[in-house]
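Hi,

Here is the structure I said I would pass on. Have a look at it first, and then read my notes below.

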Amino acid sequence: MSDATVPPFFRAGGRHRFTAREATVVAVSHPVEEFVRVTVTGDDFDDFASSGPTDHVRAFFPDPATGELAAPRAVGPGEDGIVRPEAPTFARDFTPLHPRRDGDRVLVDLDILLHADPGPAAAWGGQAEPGDRLVIVGPRASKEAPQGADRAVLVVDPTAFPSASRWLAELPSSTRVDVVADVAGDLAWVETYLRQESGRSDFSLTAGGADLAEAVRTLGVDAGTFVFAAGEASRLVPLRRHLRTQLALPREQFAVSGYLKDGTAGFDHHAPIDPSDPD
Ligand SMILES: Cc1cc2nc3c(=O)[nH]c(=O)nc-3n(C[C@H](O)[C@H](O)[C@H](O)COP(=O)(O)OP(=O)(O)OC[C@H]3O[C@@H](n4cnc5c(N)ncnc54)[C@H](O)[C@@H]3O)c2cc1C
């Protein structure tokens, strides 16, 4: 139940111990054909925490050419901080899913999209086996889903479907959800994935089509609607302009994040997606 004293788009949160965790793959599965799920654990996962749908970890993979794993390490057992390696690293961001205790260990799932132009992440994921090693850094902090919005619009491409499944699961059932999927073709697999991972089926699902801003215009954004958009950075620019400039939404009412950029390996999501409006 929402608390009338809390603003509708308020997102609670906080910091976590920031460390590098050595992880071992304990299971590999396919929630849907398009994703490989690696379930990881490690000695230092006891306080692994993630309570927000936009949380991400940085996963360090072995060098695809040599198999060597260069990655940050923890400054010390239980301490806050990491030491970065000298050697080049191969790291990408992922949305941690279903952190859970299983006996004396903590398990976390990473769903890795098997896309058509695999870099270190998708290539590693496509061949992952129990026993494989990687290093997981973060999440540094969590920002929870707002608990007071009437409605949420999630505009997501497949790399952000894991995050969308968390939004669906972590928004209250009183928040109506419309999902705009930036995929071409059949949406059946998207619906299957989002339903099974979130446990929620009362959402609308439409395709983003040629113009994501137009798709959101068609759905409409009113004063009670929170908008989350994540996916290919260039595709998000017109949508971000629509939200920021045309609708002039307050900053707390939307979050737009590039999760990849066409033609860019290892896209840095901290880079501004719209150079003409970098703020
Ligand atoms: C906050 C955050 C959370 C993320 N969460 C997830 C997640 O949970 N699951 C997930 O799979 N990814 C997620 N991503 C994206 C992920 O970090 C990688 O970008 C993605 O896995 C591609 O890595 P790669 O090494 O295979 O390709 P890269 O080496 O980064 O890129 C190689 C080439 O493939 C292209 N490419 C990259 N991704 C795609 C794609 N989806 N479709 C088509 N071409 C592509 C690039 O433009 C480049 O030309 C997230 C990103 C961010 C910033």
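Ala 248 sits in the loop between α5 and β16 (helices here are DSSP runs of H or I with at least four residues, strands are runs of E with at least two, and both are numbered from the N terminus). Its phi is positive, about 50°, although Ala 248 is not a glycine. Ala 248 counts as exposed, at 52% relative accessibility (exposed means over 50% relative accessible area, buried under 20%, and partly exposed in between, with a 1.4 Å probe and protein chains only).

Before you go further: this is a predicted model, where local features need pLDDT of at least 70 and side-chain atom pairs count only at pLDDT 80 or more, while totals for chains, interfaces and linings use all residues. Residues are numbered from 1 along each chain as its sequence is written, and side-chain values use heavy atoms, with hydrogens and water left out.

Back to the backbone. Most residues other than glycine have a negative phi, and most peptide bonds are trans. His 98 also has a positive phi of about 50° without being a glycine. You'll find His 98 in strand β8 (residues 97–102), and it is partly exposed, at 30% relative accessibility. As for peptide bonds, the one from Gly 138 to Pro 139 is cis, with omega near 0°. Pro 139 belongs to the loop between β10 and β11 (141–143).

Now the ligand. Which residues are closest to the ligand? They are Arg 92, Asp 93, Asp 111, Lys 261 and Gly 266, out of 26 residues that surround it (a residue is near if one of its heavy atoms lies within 4 Å). By class, that shell holds ten nonpolar, ten polar and six charged residues (Ala, Val, Leu, Ile, Met, Phe, Trp, Tyr, Cys and Pro count as nonpolar, Asp, Glu, Lys and Arg as charged, and the others, Gly among them, as polar). At least two shell residues come from each of β7 (90–94), β9 (105–113), α1 (120–127) and β16 (254–260).

There are polar contacts too (pairs of N or O atoms within 3.5 Å; within protein, one must be able to donate a hydrogen and the other to accept it, and residues adjacent in sequence count only if both atoms are side-chain atoms). The side chain of His 115 has an N or O atom 2.8 Å from an oxygen atom of the ligand. From the backbone, an N or O atom of Ala 121 is 2.9 Å from a ligand oxygen, and a polar backbone atom of Gly 263 is 2.9 Å from an oxygen atom of the ligand. Taken alone, the ligand exposes 930 Å², and the protein buries 91% of that (areas use the Shrake-Rupley method with a 1.4 Å probe; for residues, only the protein chains shown count as cover).

Points are joined across faces, edges and corners, and a volume is the space filled by probe spheres set on them.

The second largest pocket has a volume of about 240 Å³. Of its 16 lining residues, Ala 20, Arg 21, Glu 22, Asp 43 and Asp 44 lie nearest the centre. Two or more lining residues come from each of β2 (20–29), β5 (73–74) and β10 (133–137), with β2 giving the largest share, four residues. That lining has five nonpolar, five polar and six charged residues.

How many cavities of 30 Å³ or more does a search of the whole structure find? One. The largest cavity holds about 30 Å³ of space, and its lining includes Val 155, Asp 182, Leu 212 and Leu 236. β15 (225–232) is one of the elements supplying at least two residues, and β15 gives the most, three.

Helix α2 (residues 161–170) is mostly covered, with eight of its ten residues buried, among them Phe 161, Arg 166 and Trp 167. In helix α3 (residues 188–198) you'll find Thr 192, which is partly exposed, with a relative accessible area of 39%. The C-alpha atoms of Thr 192 and Val 32 are 7.8 Å apart, although 160 residues separate them along the chain.

Cheers

Notes: 1 Å grid on protein atoms, 1.4 Å probe; cavity = no way out; pocket = protein on both sides within 12 Å on 5 of 7 lines; lining within 4 Å.
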